[in-house]
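User: I would like to go through the terms used to describe this model, and to see in each case what the term rests on.

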Amino acid sequence: VWRQEETERINKTFTGAERKAAFCGLLEQEAQLIASIGRHKLNADEENQQKAILHFLDKCAQPKRWKAYDGKITEMDTQYTLRARELFEIYRSISMNDIPKDERIDVLLTLRRTVKEHECKLTQEIVELIDREVDLMSREVKECNLEGLRKRICTLFLQYIKTPKFNPEVAQMLKVPPDPLKLYKNVNFCHSCKNYLPSSEFPVPANSRTIGRCHLCCKLDNEARRREAFLKYKLILENLRKSEADYQDDAKIVFLVQHQDLQYMIENIWGCQSALSACRDLYDLVMVRWDKQREWSPWNTILLTKDEAGAHLGLCNLQEAYEAAFIHRIKHKHIRAKTYFAQIPAMASFLHRSDNQANAN
């Protein structure tokens with residue numbers, strides 16, 4: 001809406017070179033705003049991801065609850081919930097920023113003792129990273145240079161927490177169950193990202209018989225679509241309708257044509273350029289009648305600049321004004337337009353009427 005309002009203001013205020021410069025400034029400002037929106041989105045995604053992780057771990061650490069016959073709720077901790085709560089507290093401490101150096105070392109040592117209970121490749125890597133960070137902190141390395149190392153420790157420890165072997169309570173919270181036999185029922189294959197995902201990750205309409213792309217692929221596809229700018233074609237169509245209304249001969253076809261049809265004609269039939277001077281500035285191009293005695297139609301039109309259009313409409317005899325080769329080229333474009341618009345039922349009746357009129361003439 002802001003872009004459309006700015007465009008209307010520029011069209012009403014400026015002309016010529018000033019108008020082009022204003023549009024360049026508007027485009028640059030729009031690009032900066034889109035980039036700013038992208039940065040905000042990345043920051044929000046990162047923050048929401050961290051909140052989702054903490055919510056997931058907190059849910060695993062909750063005690064078992066059930067309601068008695070009298071309405072009272074009973075809570076009970078098991079060895080698995082206590083283990084999950086211990087790991088949750090360690091993760092929350094290890095992911096905190098701006099904590100004193102002594103407290104950070106205590107948290108790292110606690111984490112080291114916890115993962116040393118199990119010997120595997122994952123725990124060995126976590127221990128190596130912990131030893132590396134403690135060594136770098138003892139050498140008075142700056143905090144900003146340790147951010148990457150600390151993120152790796154958090155990521156690997158989160159992987160450790162999500163392993164049912166080390167944290168049994170997490171097994172019932174995972175989207176993909178650890179038992180391979182259960183995968184065949186609720187997991188589908190996304191042909192776009194080539195990943196096996198749970199059925200909850202797929203949008204399935206009520207009338208669909210197949211599984212399409214996952215939610216993430218649909219989101220990426222929606223963001224990656226090229227944004228079409230129809231403003232220049234809408235301006236050409238508005239100018240055309242205004243000029244046809246001035247003839248006062250009950251023109252109808254021009255009000256049936258939409259800007260998508262006009263875009264196809266300009267891009268595929270007329271090559272986005274003036275038929276006379278080959279000018280490619282669409283904001284300076286207009287569509288007018290080829291034969292001004294007949295109603296405008298896609299098969300009775302020509303694309304020219306504004307100055308050329310004024311001179312063209314002032315001609316009395318087209319056969320004398322233009323060379324035979326030029327007229328033949330224009331007629332060929334009209335035939336291509338007839339072929340395209342003959343597929344549209346609303347335009348077919350006008351097409352047959354114009355053919356009958358031409359045969360009668």
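Analyst: The model is a predicted one. A place to begin is a pair of helices: Lys101, Arg104, Ile105, Leu108, Leu111, Arg112 and Val115 in α4 meet Thr123, Ile126, Val127, Ile130, Asp131, Glu133, Val134, Met137 and Ser138 in α5. Sorted by class, this contact of α4 with α5 has nine nonpolar, two polar and five charged residues.

User: Why are α4 and α5 called roughly antiparallel to each other?

Analyst: The axes of α4 (residues 101-115) and α5 (residues 121-138) come within 10 Å and cross at roughly 160°. Angles over 145 degrees count as roughly antiparallel, and α4 and α5 are therefore described as roughly antiparallel. As for the hand of the crossing, α4 passes α5 in a left-handed one.

User: What makes α1 roughly antiparallel to α2?

Analyst: Helix α1 (residues 2-13) and helix α2 (residues 16-60) have axes that come within 10 Å and cross at roughly 165°. With the boundary set at over 145 degrees, that angle makes α1 roughly antiparallel to α2. The crossing of α1 and α2 is right-handed. On the α1 side the contact is made by Trp2, Arg3, Glu6, Thr7, Ile10 and Asn11, and on the α2 side by Arg19, Ala22, Phe23, Leu26, Gln29, Glu30 and Leu33. These residues divide into six nonpolar, three polar and four charged.

User: How do you know that Arg104 forms a salt bridge with Glu133?

Analyst: The closest N and O atoms of Arg104 and Glu133 are 2.9 Å apart, and the criterion asks for a side-chain nitrogen of Lys or Arg within 4 Å of a carboxyl oxygen of Asp or Glu, so the pair qualifies as a salt bridge. This pair links distant parts of the chain, with Arg104 in helix α4 and Glu133 in helix α5, 29 residues apart. Arg104 is buried, as is Glu133.

User: What makes the pair of Arg150 and Glu133 a tie between separate parts of the sequence?

Analyst: The side chains of Arg150 and Glu133 meet in a salt bridge, at 2.8 Å from N to O. Arg150 lies in helix α6 (residues 147-161) and Glu133 in helix α5, so the pair ties together parts that are 17 residues apart in sequence. Both Arg150 and Glu133 are buried. Through salt bridges that share partners, Arg104, Glu133, Glu143 and Arg150 are joined into one network. A search of the whole structure finds 21 salt bridges.

User: Why do Arg85 and Asp77, which form a salt bridge, count as partly exposed?

Analyst: The closest N and O atoms of Arg85 and Asp77 are 2.6 Å apart. Arg85 has 28% relative accessibility and Asp77 has a relative accessible area of 36%. Since buried means under 20% and exposed means over 50%, with partly exposed in between, Arg85 counts as partly exposed, and Asp77 is likewise partly exposed.

User: How do you know whether His334 is buried or exposed?

Analyst: The relative accessible area of His334 is 4%, and the limit for buried is under 20%, so His334 is buried. His334 is found in helix α14 (residues 324-341). If its neighbours within four places in sequence are left aside, His334 is in contact with Trp270, Trp290, Pro298, Trp299, Asn300 and Thr301.

User: What makes Gln248 exposed and Ala278 partly exposed?

Analyst: Gln248 has a relative accessible area of 72%, and the term exposed requires over 50%, so Gln248 is exposed. Ala278, at 40% relative accessibility, counts as partly exposed. Gln248 lies in the loop between α9 (231-247) and α10 (253-256), and Ala278 in the loop between α11 (259-269) and β5 (285-289). Phi of Gln248 is near 55°, a positive value in a residue other than glycine, and phi of Ala278, near 60°, is also a positive value in a residue other than glycine.

User: Why does Met76 count as partly exposed, and which residues is Met76 in contact with?

Analyst: At 40% relative accessibility, Met76 counts as partly exposed, because that term covers values between the limits of 20% and 50%. Met76 has its place in strand β2 (residues 73-76). Leaving aside neighbours within four places in sequence, Met76 is in contact with Pro63, Lys64 and Trp66. From C-alpha to C-alpha, Met76 and Glu295 are 85 Å apart in space, and they are 219 residues apart in sequence.

How values were computed
Residues are numbered from 1 along each chain as its sequence is written. This is a predicted model: local features need pLDDT of at least 70, side-chain atom pairs count only at pLDDT 80 or more; totals for chains, interfaces and linings use all residues. Side-chain values use heavy atoms; hydrogens and water are left out. Axes are lines fitted to C-alpha atoms, for helices over the stretch in contact, and angles run from 0 to 180 degrees between N-to-C directions. Helices (H or I, at least four residues) and strands (E, at least two) are DSSP runs, numbered from the N terminus. Angles under 35 degrees count as roughly parallel, over 145 as roughly antiparallel, 65 to 115 as roughly perpendicular and the rest as oblique. A crossing is left-handed if the near helix is turned anticlockwise from the far one by less than a right angle, and right-handed if clockwise. Contact means heavy atoms within 4.5 Å. Ala, Val, Leu, Ile, Met, Phe, Trp, Tyr, Cys and Pro count as nonpolar, Asp, Glu, Lys and Arg as charged, and the others, Gly among them, as polar. Buried means under 20% relative accessible area, exposed over 50%, partly exposed in between (1.4 Å probe, protein chains only).
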